[in-house]
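Let's take a friendly walk through this model, beginning with a single residue and then stepping back to the overall fold.

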Amino acid sequence: MKKIKICGLKRSEDVDYVNTYQPDYVGFVFAGKKRKITYDQAKELKKDLLSSIQVVGVFVNEDISFVEKLVKNDVIDLVQLHGQETNEYIKILKQKIDVPIIKAIQIKNDDSFNVDYDVDYYLFDHGSGGTGESFDWSMLKEVNKPVFLAGGINLSNIDEALKMNVYGLDVSSGVETDGFKDREKIKEIVRRARNER
Ligand SMILES: O=C(O)c1ccccc1N[C@@H]1O[C@H](COP(=O)(O)O)[C@@H](O)[C@H]1O
């Protein structure tokens, strides 16, 4: 069964929704504008989150000291690098923390799959993050690490996404209504991913 990640939690209600429907992962976003939260907000949200749900911190070219602080204080369990982070950045990060790292790759063409980062997972996305748009999934190529498929996954295309040969699906905009996480959409996305009636 594919793993499911619900990204961009901001409010205590969002924690309540994921505690109820229990995706494998949730994402706290520390970049951009729409879903960006602070260290203190993340700490508060994590306090009420079920310990069985893994928290991914999403960063764009972030200071390593900030990522380190979130990991060392058990606010996040995995790190998602969604910017132009290099292998040199990843090498320094790994000297400071010991949690799985996901490197997001923006898929533009066939060459986009020629990646060689010293990480645990790749995440293939359409754009720079949180755009709600998908790339052409028929382009997907196998790589030498488990892959999260991201970008514009929603209730109208989740069944197609579930057929892709990937480790997990990452959903953010697709489970929102008017910019806020939507209980019913999260319920249905998790149900479909788990193939439950
Ligand atoms: O969600 C954001 O605002 C964001 C900002 C900066 C970097 C990444 C961001 N989100 C990531 O984008 C993908 C796909 O999101 P969507 O489903 O298309 O809205 C997901 O991996 C989020 O982690």
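Glu176 sits in strand 9 (residues 176-177); strands here are DSSP runs of E of at least two residues, helices are runs of H or I of at least four, and both are numbered from the N terminus. This is a predicted model, in which local features need pLDDT of at least 70 and side-chain atom pairs count only at pLDDT 80 or more, while totals for chains, interfaces and linings use all residues. Residues are numbered from 1 along each chain as its sequence is written, and side-chain values use heavy atoms, leaving out hydrogens and water.

Is Glu176 buried or exposed? Its relative accessible area is 13%, so Glu176 is buried (buried is under 20%, exposed over 50%, partly exposed in between, with a 1.4 Å probe and protein chains only). The side chain of Glu176 makes a polar contact of 2.5 Å with that of Lys181 (a pair of N or O atoms within 3.5 Å, one able to donate a hydrogen and the other to accept it; residues adjacent in sequence count only if both atoms are side-chain atoms). Leaving aside residues up to four places away in sequence, Glu176 touches Arg35, Lys181, Asp182 and Lys185 (heavy atoms within 4.5 Å).

Now for helix 1 (residues 12-21), whose buried residues include Val15 and Tyr17.

| Element | Residues |
|---|---|
| strand 1 | 3-7 |
| strand 2 | 25-29 |
| helix 2 | 39-48 |
| helix 6 | 183-194 |

After helix 1 comes Gln22, with a positive phi near 55 degrees.

Stepping back, eight strands form a closed barrel in the order 1-2-3-4-5-6-7-8, with parallel pairing (at least two DSSP bridges between two strands). Strands 1 and 2 pair over three bridges, and Lys5 has Tyr25 of strand 2 as its bridge partner.
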